[in-house]
Amino acid sequence: MTWETMTGDIIIQDGTFAFLFKASGTIYKGQAVYVKADNAVTACTADSSECEAIGVAIDDASHGSQVGIAGPGNIVRCAGDADIAPGTLVYGDADGSFDATAGNATKVGGVVVKSDGTVISSSYYDTQIMVL
Amino acid sequence: MAFTALTSNIPVQPGTGGFKAVTDGTVYKGQGVYWSADNTVKEPTTSGSTLAGIAGYTKTTGEQIVVYGPGSLVRCQLSGTITAGTLVGLHIEGWITPDVVTKNAVVTKGVATTGEGEILILFTQV
């Protein structure tokens, strides 16, 4: 699957202030990110250590630019890899999506607040989570 | 090894505000603390405590202190060589390390040797 741009605001309820990090590689609005290097984040993949999501990108960002990340405590929109039921714990996964299966992740990325079954792209669903 | 208080400001990016607690024993600026009693935080003397947050100031026992907890990106003392992205937790004397069972923070700025680094404190533990 490939990522497709999300439209509309990412933050549904901002419980905490967003963080600024440097983008390592291109990051798209709505993607789950992990800490790649000092003060730098990258979109999550399914690989070990690359699926430890710390938040969701608020805007698109090119490599080396600053990107706002909605971190723990915020309710945000993101891409679920299925129509995931509210209350389900989710983990960072391929293409910066979230998945109900931990896979290689050891850290919970968030808990689903709403999934209305709206498909963003080929297989991703517009999903709201609280980042944990 | 004895804990060394930090001199820099503790919040790097305060995602949430610091909260107030009372200290049990002396707590040093930059030290990781845990909840030891009602509204009270303390430096851990054993491993295995859950990190409540990082102390914003140095305070003696019974004083009020500001602690930066979950949702904040803060400076702290990292023990050993730790790279960015590593999941970490609270160790003896308030050091932050991956060598503990309970982890509830992720390193956002690592260190080549023991010293001042930066972590994002999480709402859940690994």
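Start by selecting chain B and looking at its contacts: of those with a separation of 6 or more, 56% are between residues 24 or more positions apart, where a contact means C-beta atoms, placed from the backbone, within 7 Å. This is a predicted model, in which local features need pLDDT of at least 70, side-chain atom pairs count only at pLDDT 80 or more, and totals for chains, interfaces and linings use all residues. Residues are numbered from 1 along each chain as its sequence is written, while chains are lettered from A and ligands numbered from 1 in the order in which they are written.

Stay with chain B and switch to a cartoon. You will find 11 strands and zero helices; here helices are DSSP runs of H or I with at least four residues, strands are runs of E with at least two, and both are numbered from the N terminus.

Now show the C-alpha atoms of chain B, which fill a box of roughly 35 × 30 × 30 Å along the principal axes.

Next, move to chain A and select residues 89-92, which are strand 8. Strand 8 of chain A pairs antiparallel with strand 10 (residues 110-119) over two bridges, pairing being at least two DSSP bridges between strands. Along it, A:Leu89 stands opposite A:Val111.

Finish at the hairpin turn of five residues, where A:Asp95 has a positive phi of about 65 degrees.

Conventions. Contact = placed C-beta atoms within 7 Å.
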